[in-house]
Amino acid sequence: ETAATTKQPCTPWNPATVLPKTLDIMALRVDIDTSKCAMKKSSTHATLGNPPPESELSSSADQLCSAAPGRRSSAPHARMLADTGDLEFDVRKGFVECKGFFGEYGGSQPDSTTAKILDDLTKEYLVTKDNEQFLSELQTLYEGWLGRPTPIYHAKGLSRELGGGQIYLKREDLAHTGVHKINHCLGEALLAKHMGRRRIVSETAGSHGLCLASAAACVGLKCEIYVGENDWAAQKSNITKMRMMGAQVIKVTSGAKGLKEAADKVWEIFLDDSENTFYAFSTIAGPQPFPTFVKDLQAIVGEEAKEQMVKTTGRLPDHVYSSVGGGSNALGIFQCFLTDEEVKLYAVDPEVSQSENTVNLGNPGTGYLENFALLHEVKYVSASAKEAANAVLDLSRYDGIQPNWESAYALSQAIKLAPTCRPDEVILVHLSGRADAGDLEKAMMYSGRSFDDNAEVTD
């Protein structure tokens, strides 16, 4: 069989099909067969550390991982092997590995009490995500409140200036609140409401906190945001905005008084009152089912982009760029293109030391993005702060659009690639948010350019 395939339009986004059926792509070791548009999953190791007793195995995990039962080892501290052999999975039906593991990556190691709470939450999600009332309300809010679908824009000015390939932008900066995080925040707030929770909690006063406060106000849910004392002054403006939307913002003064302590506090609150409290993680993090919540609710970005690119250009893009960040933006746009072998995917992270890098390539574990590390269809590249700064200024100058700092890293690498491409090659960039004052200050600082009253005016 040939690997070549005719590019078919993606069906219009419908939450009734996307939410129950999106592909869980975090570090699946897959062999892509584009002639069948199906995913062949290799044998994988599943559970790290001490396996729980047989009686404590999660029935809901079996529902999430219905393709193959786990095979347990009698050896102490052994891994559970989920052997799926040559089974194939339709990309639209999805697959979530038992216990939240994807190969040797991801997962969780909860005690029995926590495992019961997470299992109950997973069961509720499996029911709620298929509920017609939930799906209908979510669709209505996406269209009328959030502003979906967000458009695809051909950056003609930038493309013309660079020469070579054509750059297109997926404009998540035009969504309500100006950032992609509103997608999963709205969905999680609505999930919490339909699951009977009385409050939703999280641990950041950044864009996620603003989005969650906005979504909670929209659906009529109590919202609590916990912020480390060390971050309080820097986030004062956001704290004011969140309080205006009815959120209660609480200062965390324990330990190092940072994000970690705020997250620990929220986790304790969730475990103590899980029947009334929904924990909205700020990114692709935490034990299952939390990463799946975000993955499913961000799938709309890739679904829309794929359909829009076919309508706009008559075909799929040749290259897709997204910054990694916490992972929700990259996961959102990449997952719809995984079986399209001709589409090259690039995840871009800031150029930092190995110890600081978001993506811990090749090292299994349960930490941030480690379960996203070996997605072999994606090429991981880094960009410097100066490259990101110049990307902000270039897009501002030639198309009048100012991307957020995170997106600028992805854009910078698309800018680097474009001149090496043919004029008919198409490059899609996930522009995950709009610039704020801090982003523009960084752009000026790292580019060495100034636009104040004393700056020299040139032709």
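Phe270, at 2% relative accessibility, counts as buried.

Before I go on, this is a predicted model, where local features need pLDDT of at least 70, side-chain atom pairs count only at pLDDT 80 or more, and totals for chains, interfaces and linings use all residues. Residues are numbered from 1 along each chain as its sequence is written, and side-chain values use heavy atoms, with hydrogens and water left out.

Okay, Trp267 and Phe270 sit three residues apart in helix H10 (residues 259-272), about one turn of the helix. Helices here are DSSP runs (H or I, at least four residues), as are strands (E, at least two), numbered from the N terminus.

The search of the whole structure turns up 15 aromatic pairs. For Trp267 and Phe270, the ring centres are 5.5 Å apart and the planes are at 40°, so that pair is tilted. The rule: rings of Phe, Tyr and Trp (its six-membered ring) pair if their centres lie within 6.5 Å; planes under 30 degrees apart are stacked, over 60 edge-to-face, and the rest tilted.

Now Phe290 and Phe293, which are edge-to-face, with 5.9 Å centre to centre and 80° between the planes. Both of these, Phe290 and Phe293, are buried. They're three residues apart in helix H11 (residues 290-313), about one helical turn.

And which cluster do these rings belong to? Trp267, Phe270, Phe290 and Phe293 are part of one aromatic cluster that also includes Tyr125, Phe278, Tyr279 and Phe281.

Next, Ser274, in the loop between H10 and strand E13 (277-279). Ser274 is buried, with a relative accessible area of 16%. Leaving aside residues up to four places away in sequence, Ser274 touches Ile117 and Arg197, contact being heavy atoms within 4.5 Å. Ser274 and Leu121 are 153 residues apart in sequence, yet 8.6 Å apart in space, C-alpha to C-alpha.

Last stop, helix packing. H13 (residues 385-399) and H14 (residues 405-417) pack at about 85°, with axes 7 Å apart. Axes are lines fitted to C-alpha atoms, for helices over the stretch in contact, with angles from 0 to 180 degrees between N-to-C directions. H13 and H14 are therefore roughly perpendicular, given that 65 to 115 degrees counts as roughly perpendicular, under 35 as roughly parallel, over 145 as roughly antiparallel and the rest as oblique. Residues in that contact include Ala388 and Leu395 of H13, and Trp405 and Tyr409 of H14.

Definitions and conventions. Buried means under 20% relative accessible area, exposed over 50%, partly exposed in between (1.4 Å probe, protein chains only).
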